[in-house]
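Here's a quick briefing to read alongside the structure.

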Amino acid sequence: FNEGIGQMKNLKDINLEDNLLTKLPREIGWLGKTLRSLLIARNKIVRLPGEIAFLNPTVKLSLDGNPLVDPFNMLLNNMKTLTQIKPYCITYLKAFPSNCIAQGDAVLQSNAGVGTRFFIEARDYEGNQRVNGKDKFTVMFIDSNLDPNDPSSTTNYAIVKDLEDGTYQVAFNNRVAGIFRMHITNEGVHIRNSPFTHQVLPGPTNPGNCKVLGGGIADGSQPPQSGVINSFLIQAADQFANKQIIGGEQFTVS
């Protein structure tokens, strides 16, 4: 009995009475369209998941014998219905990954060596924005040229700050330029549109990392000759030696 139960869309009846259960997974509320009965009497459940309010109001509940605390104890002996306790369940809800949204230009692009941030908006199973925090999000960058299942393919993790209002600030500073897959997950499940294709552009040009190519100057190529036009290339790079991919730099050769 785990999180996978939320994917059993044809499940109609659950009977887990007398099983010493201490909690139910939030995914139980994802069965609201099909579940007809939830029998969990005589367990050791103190709090139900807030998602219990998403079940069909006509579902048959058997909760007796559990040490439920407020507001869930109002369901005992039919004191309140699921519809009536729904407003009290808001702060007990958790994010529903596929409804959560990543917002900001930095979701798709950033610059090497530049501190960058964007925000995650957590939403519940019904698509409503969460009003409090405590959801767990993980953001990591994976080299698009490597196997995502290989732990060594992860190049960086972002710092996720809970703003305690249903939004989360994501801060990161990548030093390697390139194309990455940015995975944003909530308890191991991808949020909407994740993984994202994220491009890290080179940072500002650093003269100390720029290289001369050709012209017999530094790479063993044919040396310059008198009386003819000689040429060479300058490869611009940032402070981390990432090669620039666009022009516009001004160099002086004397």
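Predicted model: local features only at pLDDT ≥ 70, side-chain atom pairs only at ≥ 80, totals over all residues.

**Cysteines**

- A disulfide needs two cysteine sulfur atoms within 2.5 Å, and by that rule the count here is zero.
- Looked at from the other end, Cys-100 is in no disulfide either, with the sulfur of Cys-89 as its nearest cysteine sulfur at 18 Å.
- Cys-89 counts as buried because its relative accessibility is 1%, the cut-off being under 20%.
- Cys-100 is buried too, with a relative accessible area of 0%.

**Strand β10 and its cover**

- β10 runs over residues 167–172.
- Five of its six residues are buried, so the strand is mostly covered, taking buried as under 20% relative accessible area.

**Who pairs with β10**

- Strand β6, residues 116–121, pairs with β10 in the antiparallel sense, over six bridges.
- Within β10, Val-170 is the residue that stands opposite Phe-118.
- Strand β9, residues 159–162, also runs antiparallel to β10, and four bridges join the two.
- Asp-162 has Tyr-168 in β10 as its bridge partner.

**The β9–β10 hairpin**

- Four residues lie between the strands of this hairpin.
- Glu-164 is the one to click on here: in this hairpin it takes a positive phi near 60°.

Notes. Residues numbered from 1 in each chain as written. Heavy atoms only, no water. Buried < 20%, exposed > 50% of the residue type's maximum accessible area, 1.4 Å probe, protein only. Pairing = 2+ DSSP bridges.
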